[in-house]
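Reader: Please take me through one part of this model at close range. I would like the charged pairs and the packing around them, in one connected account.

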Amino acid sequence: MKVVDIADEIFRELGEPTSLSIPAISFWLRTNVGQLNNYIHTEYSVSENDLEIKDAASPPVEIGDNEKTILKKMYFIHYYDQRLRTHMTTMDTDTILSVRDGDSSVTKVNRNEIAKSIAAVKAQEYSELLKMIQAYVSNKAGPYQVAGDDTTNADSTKYNTQFNRI
């Protein structure tokens with residue numbers, strides 16, 4: 001699958017924010033394929049010819065749906081981290097939602113609560129990422145031992161199992 005196709009999916013899943021573009025997401029995806037490899041113990045890379053994410057096997061195999069989902073989740077964490085940083089740097093400015101003149105009422109945005117909400121969403125996304133990585137790695141792991149019947153069949157009449165009884 002091409003990097004730009006994954007970036008388009010991410011852009012649409014985030015609700016097509018105006019502060020974000022598909023090329024910016026594509027750049028982030030290309031530069032963080034190595035982090036995906038570290039998480040799930042794979043060898044994916046971005047092909048220079050067609051910008052597809054493929055592994056190092058011969059012939060190269062495209063990135064699968066499970067790996068793509070983990071990569072997308074990694075981007076969501078990055079996105080919410082950026083949003084959190086933006087809100088943290090603008091905490092000192094006051095945003096006024098409404099002003100009344102008759103009874104002198106002013107309504108302001110509580111930036112601290114917004115930052116807490118974004119941090120909670122980011123923590124939830126990170127928790128889901130860890131679960132996805134754990135499930136992926138355990139699904140791809142081979143068994144340490146093969147249980148089964150490793151004995152050979154023998155003729156039971158060959159040996160006399162009856163002992164002399166008194």
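Author: Glu-9, Glu-13, Asp-65, Lys-68 and Lys-72 form a network of salt bridges. The model is a predicted one.

Lys-68 and Glu-9 meet through their side chains, at 3.3 Å from N to O. Lys-68 belongs to helix 4 and Glu-9 to helix 1. Lys-68 counts as buried because its relative accessibility is 11%, under the 20% cut-off. Glu-9 is partly exposed, with a relative accessible area of 23%. 

Lys-73 forms a salt bridge with Glu-128, and their closest N and O atoms are 2.6 Å apart. Is Lys-73 buried or exposed? Lys-73 is buried, at 11% relative accessible area. Glu-128 counts as partly exposed, at 29% relative accessibility.

Leu-130 is found in helix 5. Its relative accessibility is 42%, so Leu-130 counts as partly exposed.

Arg-85 forms a salt bridge with Asp-81, and the closest N and O atoms are 2.8 Å apart. The two residues are four apart in helix 4, so about one helical turn separates them. Asp-81 is buried, with a relative accessible area of 17%. Arg-85 counts as exposed, at 54% relative accessibility. Across the whole structure, a search finds twelve salt bridges.

Now the nonpolar side. The largest nonpolar core has 27 residues. Those with the most contacts inside this core are Ile-10, Ile-25, Leu-29, Leu-36, Ile-53, Ile-70 and Tyr-75. Helices 1, 2, 3, 4 and 5 each supply at least two of the core residues. Which helix gives the largest share? Helix 4 does, with seven residues. In soluble globular proteins, nonpolar side chains tend to be buried together.

Look at Ile-70. Setting aside neighbours within four places in sequence, Ile-70 is in contact with Leu-36, Ile-40, Leu-129, Met-132, Ile-133 and Tyr-136.

Last, the crossing of helix 2 and helix 4. Helix 2 covers residues 22-31 and helix 4 covers residues 65-89. Their axes come within 11 Å and cross at roughly 115°. The crossing is right-handed. Helix 2 makes the contact through Ile-25, Trp-28 and Leu-29. Helix 4 makes it through Leu-71, Met-74, Tyr-75 and His-78. By class, six of the contact residues are nonpolar, one is polar and none is charged. Ile-25, Leu-29 and Tyr-75 are also listed among the core residues with the most contacts.

Notes: Residues numbered from 1 in each chain as written. Predicted model: local features only at pLDDT ≥ 70, side-chain atom pairs only at ≥ 80, totals over all residues. Heavy atoms only, no water. Axes fitted to C-alpha atoms, helices over the stretch in contact; angles between N-to-C directions. Left-handed = near helix turned anticlockwise from the far one by under 90°. Contact = heavy atoms within 4.5 Å. Nonpolar A, V, L, I, M, F, W, Y, C, P; charged D, E, K, R; others polar. Core = buried A, V, L, I, M, F, W, Y, C linked by side-chain atoms within 4.5 Å. Buried < 20%, exposed > 50% of the residue type's maximum accessible area, 1.4 Å probe, protein only. Salt bridge = Lys/Arg side-chain N within 4 Å of Asp/Glu carboxyl O.
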